[in-house]
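Please look over the sequence and the 3D structure below before reading on. The paragraphs that follow lead you through a few of its parts, one at a time.

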Amino acid sequence: MSLIELRGVTKVFGSGQSAFQALKGVDLDIEKGEFVAVMGASGGGKSTTMNILGCLDTPTTGTYRFKGIPVETLTNDQRAMLRRRYLGFVFQGFNLLSRTSALENVELPLIYRGEDRKTRRAAALAALDRVGLLQWADHTPAELSGGQQQRVAIARAIVTQPQVLFADEPTGNLDSERSIEIMELLSALNREQGITIAMVTHEPDMAAYAGTIIRFRDGLVEERIVNKVLA
Amino acid sequence: MLLTSFLLALRAIRRHLMRSFLTTLGIIIGVAAVVTMVTLGNGATASVKEQISALGSNMLTVRPGAGFGRGGGGGPPRPFEDADVEAVRAQVGGVLHVAPQATTSVTAVYEAQNWSTTVTGTTNDYFAASNFKLSEGRTFSEPEEQAGKSVCVIGDTIRTSLFRDVDPVGASLRLNDISCQVIGVLEKRGQAGPGADQDDQVVMPIKAVMRRLTGNRDIRAFQVAVDPRFDTSAVSASITSLLRERRHLTGNTENDFNIFDAKQISDTLSSATQTMTALLAAVAAVSLVVGGIGIMNIMLVSVTERTREIGIRLAIGAVQREVLMQFLVEAVTLSCLGGIIGLFLALALTIGISSAMHIPFVFDVKINLLAFAFAAAIGIIFGFFPARRAASLNPIEALRHE
Ligand SMILES: Nc1ncnc2c1ncn2[C@@H]1O[C@H](COP(=O)(O)OP(=O)(O)O)[C@@H](O)[C@H]1O
Ligand SMILES: [Mg+2]
């Protein structure tokens, strides 16, 4: 059994006349420890798939099993508990809390986990250290560059030591040098910590860090390629 | 979980100080306005009651004549006699004291000072009936009353205008062409009602006044102190029928005397001030509601503004309840804080204003609790409902929100 199993997943947005089918029956497996890059033209359904994988959204039909758990049968709160325990998410737009220090941003998932103050602080500082931003802990997002903000977002995603990290175009808003830093970081997390990573990207250079490349087209998985260089 | 929500709510308040301040301000102003208005209104009512009770709120004043603005014709009104006073004392139930008064104007002279004033000839009952206390000296003794000795108790105005720094007790005061010995001084009372400076009088035994000053046995008025357990209007009615009988008034003949009931005036005045208080409270309640609408607006706007933030929280694993609780705690904290500051502000304002206006400060627990509860309720309601809508979104929808 794979860590992640999508079977015949469809997603329809809206209803009636304006209904739009973004996913048309996606089958997808991701194994524990894999680093998967999801590619494809814009509008192909990559983000929709990632949101379903990240338990942020639910399929219209089809099944999603995460660690064998049928996610589509869970309640909102149960999916929140899955995210809290096993998943980390990195967005293209960073999505940090404004006017809030990097440290407090990174601490946030731990607050919801009910960790005590000391544990929270230590873990948050360790995560910031891991992304190389220890000395920026007290700065708010407005005082950080895009690359630094994305690294804070990664620290926030990994502070709970998730099993899977989802990243939707994490380098989409960054220049190539910052992008490479982010990719090195993700790649290291995958190699050293064994975190399974699924990442959407448009750029072949970034996809090259992944062991597997999945190409989307018009709401379907078009092809699945094993990265020969890494394999 | 509550602890978590508390921590997060405090962080949110700290992050948005301006917004938090504005939210709180609405409540502060509303609560302070309501409590201040009502407290001052209560103080004014109490002050009116106090002034009237200084007059003697269980006191009836009986005077000859048909009363204000009536019964002009038919010569001067017939005065009362000793026997009338005795009859009231003996035959009317619920009467504590009856104090007859024979009054006349005199010029009081002490050494080089002189002063025009009124002499009230009466009995010791007068002090009891009118609630007069003495600041110095004593009231009349039994023999002084019986014999109509020329002794007097002077009002505070007389003391200050004639005696200045001299101790008046024991001094000899000249009234027109008689002299009398000062045996006591009335406590200062101040103006009670228009034109009636009760401090400007000389009180003497009634027999002395009749014999030496007025030269007749006419009683110009008498005061009746009513037992507080009795209804003044019922006592007033018994006195009326007794006096009608004694003055041989039959059938539809109008009364040729009148009875002034301080209690009635007191009730009328305090119901008037209570109406004023209610009016002020209504105005103030509007300001509390406006404050509430302010909170509602800020909460609605802030939840819309923070829908993305809610999306972030949900995405990293918060459950709906936690997000909701955070907003609720934030709203409750702000409105309770506003409520408490409002109450303290009101306390400071009312203490200040009532001392400036010379009205008593009457702390009303009920209105304080009510205003506070209203503020808290507004916070809870308007913090809760917008947040619930936002927290029920799926995280992706919330994150997309612009
Ligand atoms: N919430 C939504 N409501 C309506 N249509 C949507 C919504 N989200 C995505 N879509 C549509 O679904 C299609 C797939 O979107 P998406 O998964 O974001 O594509 P990609 O990430 O591959 O660019 C797009 O055509 C998009 O317009
Ligand atoms: Mg996308």
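**A threonine, a ligand and a sheet**

The side chain of B:Thr45 reaches the backbone oxygen of B:Gly41 at 2.9 Å, a polar contact, that is, a pair of N or O atoms within 3.5 Å in which, within protein, one must be able to donate a hydrogen and the other to accept it, while residues adjacent in sequence count only if both atoms are side-chain atoms. This is a predicted model, in which local features need pLDDT of at least 70 and side-chain atom pairs count only at pLDDT 80 or more, whereas totals for chains, interfaces and linings use all residues. Residues are numbered from 1 along each chain as its sequence is written, chains are lettered from A and ligands numbered from 1 in the order in which they are written, and side-chain values use heavy atoms, with hydrogens and water left out.

B:Thr45 lies in helix 2 of chain B, which covers residues 17-55; helices (H or I, at least four residues) and strands (E, at least two) are DSSP runs, numbered from the N terminus. B:Thr45 counts as buried because its relative accessibility is 6%, where buried means under 20% relative accessible area, exposed over 50% and partly exposed in between, with a 1.4 Å probe and protein chains only. Leaving aside residues up to four places away in sequence, B:Thr45 touches B:Ser270, B:Thr273, B:Gln274 and B:Thr277, contact meaning heavy atoms within 4.5 Å.

Which chains does ligand 1 lie between? Ligand 1 lies between chains A and B, and the residues that surround ligand 1 include A:Phe13, A:Lys46 and B:Arg400, a residue being near a molecule if one of its heavy atoms lies within 4 Å of it. From chain A, a polar backbone atom of A:Gly43 is 2.7 Å from an oxygen atom of ligand 1, and from chain B, a polar side-chain atom of B:Arg400 lies 2.9 Å from a nitrogen atom of ligand 1. Helix 1 of chain A gives the most to the shell around ligand 1, namely three residues.

We now turn to the sheet. In chain A, four strands form an open sheet in the order 2-1-4-5, with antiparallel pairing; two strands pair if DSSP finds at least two bridges between them. Strand 2 and strand 5 (69-70) of chain A stand at the edges, each with a single partner strand, so one side of each has no neighbour in the sheet. Strand 1 of chain A, residues 4-13, pairs with strand 2 of chain A over eight bridges in the antiparallel sense, and A:Glu5 stands opposite A:Asp29 in strand 2 of chain A.
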